[in-house]
Amino acid sequence: MKKIAFIAIALLGICSLEAQNISQRARSMRMESYAKDEYQVKDIKIFDDTMFVICRAEYVHYPLGKFNSVDAYINRSYLDWYREMSYQNFFNDSLRVPVTKISRLDDSFIDTYSSINTGKMEIIGGNITDSAIKLRLKVCVGMKKNDVFAAFFRSFPKTYIADINVLRVVSAGGEFAQVFTFKRNRLQSIAFITNYRYY
């Protein structure tokens, strides 16, 4: 009798896990239909409390805007930045390139380099916790979760994002990601993660 009860509980757990997976897939597909056209959303996946939005749009690579230099961005941001120059390895460590780290008093920082291919300021990495730093979409730390999602989606059921604590907007090639982390329904930080292997 105990074996039958154990098997029944195990089957119930497996069925409920499968139902949850189907629910997450259905929610992902529905959220994809709500995405704004300009982001050219290719796919949306939900794993636990994280939503991955895979986009083809140029915006993903240039969340701060397209600038010819770090100076151009600093002048346009109207904020005080501290600069630090260093070198990082590219092309599988065979090429060292100059990297400019710009930072704020609260330790928000953005690592950038000037690409010889694009002629633009490219982001290598960064972490933003300063609400004064605004992305191209007018997204900034401290915003409500609904307002951040509204920057990427035309509309959506609020229940679909209720349990989402991390939104990762990823380029189609997977080389650039913007990571929005929420705490108590407010945007707590924005991170930039790159996997560039070229200069």
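A salt bridge is a side-chain nitrogen of Lys or Arg within 4 Å of a carboxyl oxygen of Asp or Glu. The model discussed here is predicted.

Q: Why is the contact between Arg-154 and Asp-37 called a salt bridge?
A: The limit for a salt bridge is a nitrogen of Lys or Arg within 4 Å of a carboxyl oxygen of Asp or Glu. The side chains of Arg-154 and Asp-37 meet at 3.8 Å, N to O, and the contact is therefore called a salt bridge.

Q: What does the pair of Arg-154 and Asp-37 tie together?
A: Arg-154 lies in the loop between α3 (145–150) and β7 (166–171), and Asp-37 lies in the loop between α1 and β1, so the pair ties together parts that are 117 residues apart in sequence.

Q: Why is Asp-37 called exposed?
A: The word exposed requires a relative accessible area over 50%. Asp-37 has 64%, and therefore Asp-37 is exposed.

Q: How do you know that Lys-66 and Glu-58 form a salt bridge?
A: The closest N and O atoms of Lys-66 and Glu-58 are 2.9 Å apart. The definition asks for a distance within 4 Å, so the pair qualifies as a salt bridge.

Q: What makes Lys-66 and Glu-58 partly exposed?
A: Partly exposed residues lie between the limits of under 20% for buried and over 50% for exposed. Lys-66 has a relative accessible area of 40%, so Lys-66 is partly exposed. Glu-58 has 42%, so Glu-58 is partly exposed too.

Q: Why is the contact of Arg-104 with Asp-130 called a salt bridge?
A: The closest N and O atoms of Arg-104 and Asp-130 are 2.9 Å apart, and the limit is 4 Å, so the term salt bridge applies. The pair links distant parts of the chain, with Arg-104 in the loop between β4 and β5 and Asp-130 in the loop between β6 and α3, 26 residues apart. Both Arg-104 and Asp-130 are buried.

Q: How many salt bridges does a search of the whole structure find?
A: The search finds six salt bridges. Among them are the pairs Arg-154 with Asp-37, Lys-66 with Glu-58 and Arg-104 with Asp-130.

Q: Why are Cys-55 and Cys-140 called buried?
A: Buried means a relative accessible area under 20%. Cys-55 has 1% and therefore counts as buried. Cys-140 has 11%, so Cys-140 is buried as well. A search of the whole structure finds zero disulfides.

Q: How do you know that β4 and β5 pair?
A: Two strands pair if at least two bridges are found between them. Strand β4 (residues 95–103) and strand β5 (residues 109–114) have four bridges, so they pair, and they do so in the antiparallel sense. In β5, Phe-109 is the bridge partner of Ser-103. The two strands form a hairpin with five residues between them, and Asp-107 in the turn has a positive phi of about 80°.

Terms used. Residues numbered from 1 in each chain as written. Predicted model: local features only at pLDDT ≥ 70, side-chain atom pairs only at ≥ 80, totals over all residues. Heavy atoms only, no water. Disulfide = S-S within 2.5 Å. Buried < 20%, exposed > 50% of the residue type's maximum accessible area, 1.4 Å probe, protein only.
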